[in-house]
Amino acid sequence: AARLVALVPTRSRAARPNAHHRRGIVVMTSATSTDASFVGRWTRDGSRSVNAEAYLASHGLDEAKAAERAAAPYEQEWRETGAEEGEFLVLTDPGTGRGVRSLVYPIGEWEEEFKGSSELFGAEPGVVYRNTTYNEIPHLGPVHLTESATPLGWETTQRTLSKNGNEMVVDRSFTPRMPDGSAGEKISSKEYFTRVMVFRPLDAS
């Protein structure tokens, strides 16, 4: 799958999470254009999503299910692992009622095993082959990009931040794998997440 932006290597800098912990509550302070970070809690504003239902339907969901999932509450919490610049632990509550899932996004090529019954990866157990980059782009700021090959096709997910760091924009593209193994028609979507300024950390199931 083609990258959404040309990732020009630049001098990296550590993300600067502006967070204070008070008795199990995390309080985020306002970010600036120079210290915007993915670290923190995010909630999706489904009313602003673009083409989300069609994107989910391209993975095999029926029309009613795709509409339900596109409008469902969706929460994420991003934490730095400290192992490598740009490596994050992402906790996600996708609103399915199955609890919170936890996944580390290392830099470079990596694999994610899944147990099946996945709306995005397929009904049978398998492996998703991924490649993740994290770069500072002059006109975009920090860019987190993951390219994935799944049993259903090829997917790209790019995350960027608003200038004040309080909005995360998620651009997705998916090219389905046809029965003969060829690539089908690519479909794209866009989601908007708003930073939660005061929250309790998510707990993985």
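In what order do the strands of the open sheet stand? The order is S6-S5-S4-S3-S12-S11-S10-S9-S8-S7. This is a predicted model, where local features need pLDDT of at least 70, side-chain atom pairs count only at pLDDT 80 or more, and totals for chains, interfaces and linings use all residues. Residues are numbered from 1 along each chain as its sequence is written, and side-chain values use heavy atoms, without hydrogens and water.

**View 1. The open sheet.** Its 10 strands pair in the antiparallel sense. Strands are DSSP runs (E, at least two residues), numbered from the N terminus; two of them pair if DSSP finds at least two bridges between them. S6 (101–105) and S7 (108–114) stand at the edges with a single partner strand each, so one side of each lacks a neighbour in the sheet.

**View 2. Strands S9 and S10.** S9 (residues 141–150) pairs with S10 (residues 153–161) over 8 bridges, antiparallel. Threonine 150 has glycine 153 of S10 as its bridge partner.

**View 3. Aromatic pairs.** The whole structure holds 9 aromatic pairs. Rings of Phe, Tyr and Trp (its six-membered ring) pair if their centres lie within 6.5 Å; planes under 30 degrees apart are stacked, over 60 edge-to-face, the rest tilted. Tyrosine 105 and tryptophan 110 are edge-to-face, at 5.4 Å centre to centre and 75° between the planes. Both are buried (under 20% relative accessible area, with a 1.4 Å probe and protein chains only). Phenylalanine 114 and phenylalanine 121 have centres 5.3 Å apart and planes at 55°, so this pair is tilted.

**View 4. An aromatic cluster.** Phe38, Trp78, Phe88 and Tyr134 form one cluster.

How values were computed: Helix = DSSP H or I, 4+ residues; strand = E, 2+ residues; numbered from the N terminus. Buried < 20%, exposed > 50% of the residue type's maximum accessible area, 1.4 Å probe, protein only.
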